[in-house]
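Let's take a walk through this structure together, one stop at a time. Keep the 3D view open as you read, and look up each residue when it is named.

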Amino acid sequence: MGNQRNIREIIAKTMENMYQIYRDVGHIAQIIEEKMRGEGFKAMGDAAITWAVSAAYSKPEDWLYRWFARVFLKEEKPKSAVGYCIHLGKYTPEQEDMIKQLGISFPFLNISLLENFEKEVKTYWRTTLYDTLWGTGWHGYKDWVTKDKITDKLVYGSIKVQNESIKYTTYFVDLLALTNEDVITRLVVEPMVKMFNGNEEWVSKNNLDVIKLSSNHI
Amino acid sequence: MMLAAELCGKISPIKPAHQRMEDVLTSYIFSAFRYLNDQSVPLAFLSKAKNLSGQNFILKQASDIYVFFWPCFSFGNGRFREADVLVLISKSSGEKVAVIVEAKYESGLSNLASVGMDLAHSQEFQVLNSVQFRHQLADEFCGIQCATFLAPEIRQKLKGVHQRLLLYVTANHVIPKLEIGEGIEEIRKRPCSKPECVKKAEENIYWVSWRHLHQILSDSRVYAPYSMGERNFLFDLRRVLELRELDWFSPFTNLSQLESYSSFFSSYNLKLQPVETYETIFCPVSGVLDYRL
């Protein structure tokens, strides 16, 4: 009986915690969305921020929302895009190992510039772009994504998108560092805008407090 | 304090729900100007407002404040616009500031004019110019600068006002530059527009978020000057903002400590019944259903 009450409390607190965590992630996403809109970017697709989950009763391991992404486009450069993916955790052991190898801990964001699309980015499936943002910079499946160069803060490489090889530049931010609007501007929005405008090394050149990648790879 | 909303007929069931929600919220928040003896919280809220250049609207003290809810104004062409609030502030120096407020909760700007039947035939308004109502922010900014307000008391109190501002209140986390920029552009394109109109708009259209008030009310020190009744009012305001999901951004601060969860299933003991071998009901060669079964 005592154990049951304990479990009951744990479940209640877990649900409350998840609700709060999702609310906070939602706030961060809203701030980024509003700021990017203010910079003249348009988000791809509708308001959906997560994907690749299951509603099937037989797949409880896929019920939980763990990743959240948005892609931003601008008319001036229709074959480029910037975007981010928030990663909360509870990935497969293999994926967690890939992330750990770079010196990154959950929860984190990867923020990426994507270039060299053959067609206008808006013609691709939004979920394909979300998958791309999810894996850039850290995923180790070489048939899908490469890491051609890793500096202390940036990862450069290419990723397969519908049989095309798309060039990416990615950096990583600790989600728990995003405690106010100014930090979000400085670490997420401004670098995305600068990278899109050709300043790929903005985070390095300005010595931003983003995640320093493990020196094993440098 | 949805008294204002009820008194002005804003909670009638014939109004759409989102409009009623917005009007009630406006009524709650701006009633603070009417009912609080000490204006430090309302003025702190106004001081969070910024224009497109990032300048804050600074107002430290006020000797008098008048609040008018849902004031109507017209440019004399038989059509009127209704703002959400008009706040008339007399500073200690004697200078007067008029702040017209457009408040949004979940809806966007109403960029079409509404026609009031009671004014369409009014003899009171003369045709002044050919301003056509279009962009709501532009209409309201021009309204506070040049229009005629329906209520005689407002017209009287607007005499001698030194500064006329528009305050746009929304649920955004950051200033909605696009909407304000569109309003300023609309002002620029108006036939009556002069260069000083655009300059005034750029300087005097301010934005503040409902969330800024939650930020202010989350600081326990702000309650010090108030009586118990006023504190209760402010507590309730804060709670309303939280219920409306208009709280200030303060992430990862409300999480509970947890122990590890372990499954409440003991061993998964299923008693399986033995079964006989299954024989297909289909004929194995032709695939035709065997109707013997």
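In this predicted model, A:Ala52 sits in the loop between strand S1 (42-43) and strand S2 (67-73) of chain A. Its phi is near 55°, a positive value in a residue other than glycine. A:Ala52 counts as exposed, at 52% relative accessibility; the cut-off here is over 50%.

With a relative accessible area of 39%, A:Gln162 is partly exposed.

Now look at the loop between helix H2 (93-101) and strand S4 (108-115) of chain A, where you will find A:Pro107. The peptide bond that joins A:Phe106 and A:Pro107 is cis, with omega at about -15°. For context, most peptide bonds are trans. A:Phe106 also takes part in a cluster linked by ring pairs, whose members include A:Trp51, A:Phe108, A:Tyr130 and A:Trp144. Over all chains, the count comes to 23 aromatic pairs.

One of these pairs takes us into chain B. A pair of aromatic rings is described by the distance of the centres and the angle of the planes. For B:Phe30 and B:Phe45, the centres are 6.3 Å apart and the planes make an angle of 55°, a tilted pair. B:Phe30 lies in helix H2 of chain B and B:Phe45 in helix H3 of chain B, so their pairing ties together parts that are 15 residues apart in sequence.

Let's step back to see the setting. Chain B has ten helices and eight strands, and 44% of its 293 residues count as buried. Among the contacts in chain B with a separation of 6 or more, 71% are between residues 24 or more positions apart.

B:Val41, B:Ala44 and B:Phe45 in H3(B) meet B:His212, B:Leu213, B:Ile216 and B:Leu217 in H9(B). Six of these contact residues are nonpolar, one is polar and none is charged.

Helix H2 (residues 17-35) of chain B comes within 11 Å of helix H10 (residues 228-243) of chain B, axis to axis, and the two cross at roughly 155°. H2(B) and H10(B) are therefore roughly antiparallel to each other, in a left-handed crossing. Residues of H2(B) that meet H10(B) include B:Leu25, B:Tyr28 and B:Tyr35, and those on the H10(B) side include B:Glu230 and B:Phe233. The contact divides into nine nonpolar residues, one polar and one charged.

Our last stop is B:Asp38, in the loop between H2 and H3 of chain B. At 27% relative accessibility, this residue counts as partly exposed. B:Asp38 touches B:Pro225, B:Tyr226 and B:Glu230, leaving aside residues up to four places away in sequence.

Methods:
Residues are numbered from 1 along each chain as its sequence is written. Chains are lettered from A and ligands numbered from 1 in the order in which they are written. This is a predicted model: local features need pLDDT of at least 70, side-chain atom pairs count only at pLDDT 80 or more; totals for chains, interfaces and linings use all residues. Side-chain values use heavy atoms; hydrogens and water are left out. Contact means heavy atoms within 4.5 Å. Helices (H or I, at least four residues) and strands (E, at least two) are DSSP runs, numbered from the N terminus. Ala, Val, Leu, Ile, Met, Phe, Trp, Tyr, Cys and Pro count as nonpolar, Asp, Glu, Lys and Arg as charged, and the others, Gly among them, as polar. Axes are lines fitted to C-alpha atoms, for helices over the stretch in contact, and angles run from 0 to 180 degrees between N-to-C directions. Angles under 35 degrees count as roughly parallel, over 145 as roughly antiparallel, 65 to 115 as roughly perpendicular and the rest as oblique. A crossing is left-handed if the near helix is turned anticlockwise from the far one by less than a right angle, and right-handed if clockwise. Rings of Phe, Tyr and Trp (its six-membered ring) pair if their centres lie within 6.5 Å; planes under 30 degrees apart count as stacked, over 60 as edge-to-face and the rest as tilted. Buried means under 20% relative accessible area, exposed over 50%, partly exposed in between (1.4 Å probe, protein chains only).
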